[in-house]
Each structure stands twice: as structure tokens, then as C-alpha cells.
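Work through the exercises below with the sequence and the 3D view at hand. Try each task before reading its solution.

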Amino acid sequence: MRNLKQLQYNASMETALTTVKIWLDARPDNKELIELTKCLTDIYFYVNSLELERKGFNSAIDALRADRNQFAKQAQAVQEEEKAASVAEKFSRETSDDINERLNNLL
């Protein structure tokens with residue numbers, strides 16, 4: 001949606017600037033057209049700076065999301081390792097206890 005709005009803005013601005021240029025070429029001494037040209041140029045550069053700022057924010061957000069996803073994967077791997085170690089420890093303890101109990105029964 002944002003790209004469509006950007007394309008609409010660029011097309012509209014191109015049309016406006018082209019039209020004003022044609023008028024200004026026909027009447028180069030028209031002070032209102034000179035002022036309108038300056039205003040449209042200022043608007044164009046302002047919107048362009050906002051778009052660049054937005055891209056910078058989006059890049060920062062993307063980087064933070066990638067970091068968050070990496071940390072989540074690492075945390076999940078640690079949890080799985082802890083769970084596996086806990087099961088192995090419990091199995092080892094029960095197996096050792098079972099062997100000790102059998103040996104005690106034999107004696």
C-alpha cells in the first residue's frame with residue numbers, strides 16, 4: 001500500500017512540476033509561478049526526506065526483528081538442551097539406583 005501511495009505522489013508531483021514549468025517557460029516573469037515552483041520544490045524535497053527517514057526506521061526495525069528471532073532460536077535451543085540433560089540425568093540416576101537396589105537384593 002505504501003508503494004502505491006509513493007507512486008501516486010511521484011506521478012502527481014511530476015505532473016504538477018511539468019505543468020508549472022510549461023507555464024513558467026511561457027511567462028518567465030510571473031512572480032506567482034516562480035513562488036509556486038519554489039513551494040513545489042520544497043514540498044518535493046521535504047517528502048523525499050521523510051521517505052528516506054522512514055526507510056532508515058524500517059531498516060532499524062528489520063535489524064531488531066532479526067536479532068530478536070536469533071535470540072529466540074538460541075533460547076529455544078538452550079531449553080531443549082536443558083530438557084535433554086534433565087531427562088538424561090534422571091534416567092542415569094534411576095538406572096544407577098536400580099542397579100544398586102538389585103545388588104543389595106542379591107547380597
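Predicted model: local features only at pLDDT ≥ 70, side-chain atom pairs only at ≥ 80, totals over all residues.

Residues are numbered from 1 along each chain as its sequence is written, and side-chain values use heavy atoms, without hydrogens and water.

**Exercise 1.** Find how many aromatic pairs the whole structure holds, and classify them.

Solution. 
1. Rings of Phe, Tyr and Trp (its six-membered ring) pair if their centres lie within 6.5 Å; planes under 30 degrees apart are stacked, over 60 edge-to-face, the rest tilted.
2. The search of the whole structure gives two aromatic pairs.
3. Tyr9 and Tyr44 have ring centres 6.5 Å apart and planes at 15°, so this pair is stacked.
4. Tyr44 also pairs with Phe45: the centres are 5.9 Å apart and the planes at 75°, which is edge-to-face.

**Exercise 2.** Decide whether Ile22, Tyr44 and Phe45 are buried, partly exposed or exposed.

Solution. 
1. Buried means under 20% relative accessible area, exposed over 50%, and partly exposed in between (1.4 Å probe, protein chains only).
2. Ile22 has 56% relative accessibility, so Ile22 is exposed.
3. Tyr44 has 31% relative accessibility and is therefore partly exposed.
4. Phe45 has 52% relative accessibility, so Phe45 counts as exposed.
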